[in-house]
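Dear colleague,

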Amino acid sequence: MRLLITFGAGYEPIDQARRLTNFSTGRLGTYLANAFFTAGWDVHCLRSENTSFTGKLNAAEVEPFTTNDDLAERLERIGCLGRVDAVFHAAALCDFRVARVTDASGNAIHSPKIASRDGRLLLELEPATKVLPKLREWFPESRIVGWKYELAGTRQDAFGKAWRQLDECHTDACVLNGAAYGPGFSVCLPSRASFPCGDEASLAGHLLNWASQENNCRPQNMPLAA
């Protein structure tokens, strides 16, 4: 069986020397890839060039990506090549990209490396490409798992955002974590069932059990094993 997993921090350029990114290290994605590889899966990793975690990665293929658009192009290409049983979209992508840079007077600045002597700068941001909503089109028969990392709000708010992601993106599971959820993870299903996982090992075990079910077609609210 074949797993395609994205992980690590994507980025969007400000100029040719600076970028917007986030704090994701790629550690969890590496752990999951290794767990599935050890279980005998054919694992294809799309790992961000920004990944800072240096632990050993076991995989049949490792392909780097940079921006949201770069990752989207690679995923679409892979979707045309053949069967993928499961897609785990764990990459932490940018919500925004730079639309333009201006100086304090409102003049647009175009430079491969913006000089600090230019003084105060204003970055105008626009929404970056959303990859998760496109995955069902590219992988119509795959089991697709998205991630929801929430820092603000209540635990109930965090679950609400996980359910909304499942409904809007037509995915088969959502891994919820972050300060708003609390310690560990929860694997959320479209049926509104959720399965707490205390650590990475528990999460990997649940996902491996779920993805290895005999029915290899797209699941319909298939529960995880207890």
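A residue is called buried here when its relative accessible area is under 20%. By that criterion Phe159 and Tyr181 are both buried; please keep in mind that the model is a predicted one.

These two residues also form an aromatic pair: the ring centres of Phe159 and Tyr181 are 5.8 Å apart and the planes stand at 75 degrees, so the pair is edge-to-face, given that angles over 60 degrees count as such. The pair links distant parts of the chain, since Phe159 belongs to helix α4 (residues 155-169) and Tyr181 to the loop between β10 and β11, 22 residues apart. The count of aromatic pairs comes to five, and ring pairs link Phe36, Trp41, Phe88 and Trp147 into a cluster.

Two arginines lie over ring faces: Arg19 over that of Tyr11, at 3.5 Å from the ring centre, and Arg143 over that of Trp210, at 5.8 Å from the ring centre.

Trp210 is also one of the buried residues of α5, among them Leu203, His206 and Leu207. Viewed down the axis of α5, the buried residues fall within an arc of 165 degrees, so they line one face of the helix. Their cover includes α1 (27-38), β6 (86-89) and β9 (143-149) among other elements. At the start of α5, a side-chain oxygen of Asp199 comes to within 3.3 Å of the backbone nitrogen of Ala201.

Key. Residues numbered from 1 in each chain as written. Predicted model: local features only at pLDDT ≥ 70, side-chain atom pairs only at ≥ 80, totals over all residues. Heavy atoms only, no water. Buried < 20%, exposed > 50% of the residue type's maximum accessible area, 1.4 Å probe, protein only. Helix = DSSP H or I, 4+ residues; strand = E, 2+ residues; numbered from the N terminus. Arc of directions from axis to C-beta. Contact = heavy atoms within 4.5 Å. Polar contact = N/O pair within 3.5 Å; in protein donor to acceptor, adjacent residues only side chain to side chain. Phe/Tyr/Trp six-rings, centres within 6.5 Å; stacked < 30°, edge-to-face > 60°. Lys NZ or Arg CZ within 6 Å of the ring centre and 35° of its normal.
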